[in-house]
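Please have the sequence and the 3D view open as you read.

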Protein chains: 2
Amino acid sequence: MTETDSLPERKRGSGVKMVYDLLRDEILDLKIAPGSPIDEVQLAERFKMSRTPIREALVRLAGEGLIETLPNRSTMVSNIDFMNLHTFFDALVLMYRVTTRLAAQSHRPEDIAIIRGFHEDYATALKARDHLTMIATNAAFHAAIAEAGRNPYFTSLFRRLLDEGRRILQLYYQSYEEHFPQRFVDEHAAIIAAIEARDLEEADRLGKAHAEAIVAQVQKLFSRNDRLDIAL
Amino acid sequence: MTETDSLPERKRGSGVKMVYDLLRDEILDLKIAPGSPIDEVQLAERFKMSRTPIREALVRLAGEGLIETLPNRSTMVSNIDFMNLHTFFDALVLMYRVTTRLAAQSHRPEDIAIIRGFHEDYATALKARDHLTMIATNAAFHAAIAEAGRNPYFTSLFRRLLDEGRRILQLYYQSYEEHFPQRFVDEHAAIIAAIEARDLEEADRLGKAHAEAIVAQVQKLFSRNDRLDIAL
DNA sequence: TGCATTTTATTTGTCGACAAGAAAAATACA
DNA sequence: TGTATTTTTCTTGTCGACAAATAAAATGCA
């Protein structure tokens, strides 16, 4: 509702990107709930621009599956498909493996610095018990590893999966507020070491184990919820 | 240039999809060369609609990497990145494996019928020595297998790779006009059999072998071209 | 009151127009 | 003639308005 627009002056091509980035973050941080309707005119008023650039941003978001648009009728934030979470987890685990392995193979020195940066940001956020930052920096950490692997096809799919994962982890931490495992930080450190040592097999193995640990933990929560739903 | 628009009457939401589909096919069939500029007003005239829906179609195509758009300046058909073809092949081979394996695991009877349909279309096109149809039905065949695997994340990446592959195969067949291997038809048949038998390992193995055969063949061509470039 | 039909309201898809940016052309100047 | 600067041209990004499509409300009728 409250909008902090300091500059009414906007550069020519920047409006779309701004709306896109902001909406994307709000969706991934669950600030806008899945299923919420998205109103073009409302957004146009909020950002003080015409509907045209708003629409372009929405088309992009729809292209990444973050919003769904019914023809001639409402557009809304995509729901999380709990029924088919296993397909998400399958893809996530495989991409963790592949990207970590490729990073061990193809990284350059400067990549390690970037990865370490996010690693430290994550550790800091964990100490501060800051969910949102933890989730976002964790995603950034693994995205940086994928970038170091230098396969844009894998990177883009992995980014999409990490995005979707941000929403799911968000739900997870809303249920388990006091759960902040140092373990993940240690695993991250081990992954970095394997990448730096160019040990493909170890990187692959660690990536797989790390992914499966996260998946197992999240699945535990949702299976509990499933049982709850059935009980109702 | 010549446009066959029989109906000047268009339904409300159909314009964007029409432009999108047509442009997409023209790009993938190399009817528009990589690097060609795309002019919005020209398209608007050609399809007899305003620039707005044209633009939406272009944004979609850009989202899939089929066109590239320089801010405030021209937009053009994406070039094929020959320098990094190996990343494409890596991703392609892995997705061939994964989707074929998942199809063996998760397919339903009705999927087989669809897959067989494209299989036969491919065989027909091969007999007719019709490049364009061969390439398109081959992509459709493997996309159908991916659909039977029922993992939308893998399917969407694989679709993108198959699309890009259409352009590359197009180049390939432009060089080797008389090369129409029956072998691929046989391999397709074997893949269908493995899927139907729900033999995951065999499906995986065949998918990998099939992919690597295609990759090897294409690489042979391009490595020859590479040498040529160096010789010049 | 309950259901079918018409009317109104809301939201999207499309349009034509205009202005900002960048390249190309034209001009000035050495 | 060659380079710097201005002018023109061309394309894109944005705008406000209108029309089609759908949902919601109102009305009619039993």
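Helix 3 of chain B gives the largest share of the surface near DNA strand C, namely three residues. Here a residue is near a strand if one of its heavy atoms lies within 4 Å of it. Helices are DSSP runs of H or I with at least four residues, strands are runs of E with at least two, and both are numbered from the N terminus. Helix 3 (51–63) of chain A, together with helix 1 (14–28) and helix 3 of chain B, each supply at least two residues of that surface.

Before going further, a word on the source: this is a predicted model in which local features need pLDDT of at least 70 and side-chain atom pairs count only at pLDDT 80 or more, while totals for chains, interfaces and linings use all residues. Residues are numbered from 1 along each chain as its sequence is written, chains are lettered from A and ligands numbered from 1 in the order in which they are written, and side-chain values use heavy atoms, with hydrogens and water left out.

**The DNA strands**

In total, 20 residues surround DNA strand C, and the closest are Arg51(A), Arg55(A), Arg12(B), Ser50(B) and Thr52(B). Of the atoms of DNA strand C that come within 4 Å of the protein, sugar and phosphate account for 64%. By class, the surface near DNA strand C holds four nonpolar, seven polar and nine charged residues. For these classes, Ala, Val, Leu, Ile, Met, Phe, Trp, Tyr, Cys and Pro count as nonpolar, Asp, Glu, Lys and Arg as charged, and the others, Gly among them, as polar.

DNA strand D is also surrounded by 20 residues, the closest being Arg12(A), Ser50(A), Thr52(A), Arg51(B) and Arg55(B). Sugar or phosphate makes up 65% of the atoms of DNA strand D within 4 Å of the protein, and bases make up the rest. Helix 3 of chain A gives the largest share of the surface near DNA strand D, three residues. Helix 1 (14–28) and helix 3 of chain A, together with helix 3 of chain B, each supply at least two residues there. The residues of this surface divide into four nonpolar, seven polar and nine charged.

Which atoms come together at the DNA? The table lists some polar contacts (pairs of N or O atoms within 3.5 Å; within protein, one must be able to donate a hydrogen and the other to accept it, and residues adjacent in sequence count only if both atoms are side-chain atoms).

| Residue and its atom | DNA atom | Distance |
|---|---|---|
| Arg51(A), side-chain N or O | base nitrogen, DNA strand C | 2.8 Å |
| Ser50(B), polar backbone atom | phosphate oxygen, DNA strand C | 2.6 Å |
| Thr52(B), side-chain N or O | base nitrogen, DNA strand C | 3.5 Å |
| Thr52(A), polar side-chain atom | base nitrogen, DNA strand D | 3.5 Å |
| Asn72(A), side-chain N or O | sugar or linking oxygen, DNA strand D | 3.4 Å |
| Arg12(B), polar side-chain atom | sugar or linking oxygen, DNA strand D | 3.4 Å |

**Where the chains meet**

Now for the protein interface. 23 residues of chain B are in contact (heavy atoms within 4.5 Å) with 23 residues of chain A. The buried area between chain B and chain A is about 1900 Å², with carbon and sulfur atoms giving 65% of it. Buried area is the accessible area (1.4 Å probe) that two parts lose on being put together, summed over both. On the chain B side, Val59(B), Thr87(B) and Tyr153(B) lose the most area to chain A, together 29% of what that side buries.

Eight residue pairs, both partners at pLDDT 80 or more, are in polar contact between chain B and chain A. The elements that give two or more residues to the chain B side are helix 3 (51–63), helix 4 (85–106) and helix 7 (152–175) of chain B. Helix 7 of chain B gives the most, with eight residues. By class, this side has eleven nonpolar, four polar and eight charged residues.

**How the copies are related**

Chain B can be laid on chain A with an RMSD of 0.0 Å by a turn of 180° and a shift of 0.0 Å along the axis. The two copies are therefore related as by a two-fold rotation axis. The same surface serves both copies, as 100% of the contact residues of chain B recur in chain A. The superposition is by least squares on the C-alpha atoms of residues with pLDDT of at least 70 in both copies.
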